[in-house]
Amino acid sequence: MTALSIEQCTVAFGGLRAIDDVTLALPAQAITALIGPNGSGKSTFVNMVSGQIPPRSGRISLGGEAITGLRPDLIVQRGLARTYQVPKVPKELTIEEVISVPLLYAGSGRALPGGARNAGDLARYCGLRPAVTTRCGQLSVSDLRRLEIARALACRPSVLLLDEAMAGLSLEDTEQVIGLVREIHASGVTIVVIEHVMRIIARLCGHAVVLNQGRLLAEGPPQEVLRDAGVREAYLGKGFSL
Amino acid sequence: MSAGLLARIGLYAAIAAPLLRIAASDRPFLVQVAIGTAISAILALAWDILSRTGQVSLGHAAFFGIGGYGSALLTPVLGPVLGWTVGILLCGVVALLLGAVTLRLRRLYFTIATLSFSLSIHVVILVTPGLTGGSTGIMPPVIAGGSPPLQLLFITGCLVVAAVVSDVFLGGRFRPAFFMIRNNPDLAAASGVPVTRLKILAFVVSGMVAGLAGACYCGLYGYVIPDDVFTTNWNVLPLAVTILGGMDTTLGPVVGAVVLRLLEEVARHLVGGVGYQVVYGAVIILFIVGMPEGLVGFVRRLIRSRRRQAAEPGQASAKARLAL
């Protein structure tokens, strides 16, 4: 089963093809890693799939339904949610209020993970320790990351794209978020992880996709993909190994 | 009845009570000042509702004027209730059409578009004397038979209506979504919020509340010329009032309207002539620089820090001393 399929998609900024004729099928119920060196098009890929930057050409479908060119909020309604790498939430809103926005507006009808019923449940599920009435301006980076995951989960997604959800976290926090991602996955959500740290990918993901200069470079089980000569070259240049 | 609802009813009572007290007093000057203040407060509430979505309007005089002219011209045809309703709905329709075009614009471009819109509406009135009386103006039916205390009573009612509308948009359904749209529209869209639709909704509601303020204003004396309503004064006033009183609240625009009028009267009394406007302007600037969150925000922060002080005495009092 394919959860998300990308067919011959291209995103161009002027002459630069940030995504260049990419065709991909992401397996349902899997945790897929999306990797690639800086500037390879990972973030553009997330922006394209979530509708923020529609592709110039190509087709995107979610669970068999075409979502190409749909507005971002409508794509969310269809069941695709994303997190932002640097979540900029309004400082004056509380944890509860931020999570309440998708709970109110993104009614895709699926159940929330972990039997959660409201914003408070989701905050706890994601390991947010501060009270739900805490304003976002007072949260630490690691709590903002958890809040961002909780916000995305409140969209009730079938496919969740995590854009470097663990970047800059302490080892302990990273372990907790890895545990959380596994739990979300176990609740039946298809997950795409954009990550730099290879150790995390090798532990977490059953499938990996490598982008380089906007093109699909390799695809397959993470161990094999990381052994791929082309992938090594893209990351390190010729003559080095990972 | 929930505590929140009780608190809100208390707030409306606190807003209405002094105005009703003035209406009952036998002081014509005070009644006129109260009428003017209440109308400013309604217009400022309208402006604030829109600003919560990040749209800064410099063209609310357009809705103020359309509401005033619309209700004035339609009342003789449709009667007062329907005339006012259609006049105010007209503001909503204009906001819808204007919003469909301009709300896709970013920040400053939107502001400039609203300003030019208000200027062009002024011109439209001037060049259509057959329909709108042109530069000679119109004679709107007066509210409450022209009795100022009764007019104040009616306008107080309108102010409470505006406050209720403002509170609806500060409720759980809209406040977080509006702030998210203002702060980060991409994040709002990624949370399922139909961003443009909500921005247009805020614009339509804001335009209609501003139209209500204009209808009240035009019904005061029985005579209105375009320069009374379609002026920069009404474009800038709601912004000054709201920033002074405190944005993103219902109380802020009301407090701002009272304080601004107080400042104006004090400056007029002390300085006199036209020079008072300079002093008045300077004091507004000082207020805005000194209290960027407005009076309501300032007082709220004061209360919060007092509470914290009570909770952890040593640390907070040191901080408070530093702040002072």
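These numbered points go through the structure, from the model as a whole to single residues.

1. This is a predicted model: local features need pLDDT of at least 70, side-chain atom pairs count only at pLDDT 80 or more, and totals for chains, interfaces and linings use all residues. Residues are numbered from 1 along each chain as its sequence is written, while chains are lettered from A and ligands numbered from 1 in the order in which they are written.

2. Chain A has nine helices and ten strands. Both are DSSP runs, numbered from the N terminus: helices are H or I with at least four residues, strands are E with at least two.

3. How does the radius of gyration of chain A fit a compact globule? It agrees, because a compact globule of 242 residues would have a value near 18 Å and chain A has 18 Å. The radius is taken over C-alpha atoms, and the globule rule is 2.2 Å times the number of residues to the power 0.38. The C-alpha trace of chain A spans about 50 × 40 × 35 Å along its principal axes.

4. In chain A, 48% of the 242 residues count as buried. Buried means 20 or more other C-beta atoms within 10 Å of the residue's own; exposed means 12 or fewer; partly exposed is in between; C-beta atoms are placed from the backbone.

5. Look at the contacts in chain A with a separation of 6 or more: 66% join residues 24 or more positions apart. Two residues are in contact if their C-beta atoms, placed from the backbone, lie within 7 Å.

6. Helix H3 (residues 95-105) of chain A packs on helix H5 (residues 141-153) of chain A at about 30 degrees, with axes 7 Å apart. Axes are lines fitted to C-alpha atoms, for helices over the stretch in contact, and angles run from 0 to 180 degrees between N-to-C directions. H3(A) is therefore roughly parallel to H5(A); the cut-offs are under 35 degrees for roughly parallel, over 145 for roughly antiparallel, 65 to 115 for roughly perpendicular, and oblique for the rest. H3(A) contributes Ile95(A), Val98(A), Ile99(A) and Pro102(A) to the contact, and H5(A) contributes Leu147(A), Ala150(A) and Arg151(A).

7. Chain A meets chain B through 23 residues of chain A and 17 of chain B. On the chain B side, H8(B) gives the most, with five residues.

8. Asp21(A) lies in strand E2 (residues 16-27) of chain A. Asp21(A) is partly exposed, because 14 other C-beta atoms lie within 10 Å.
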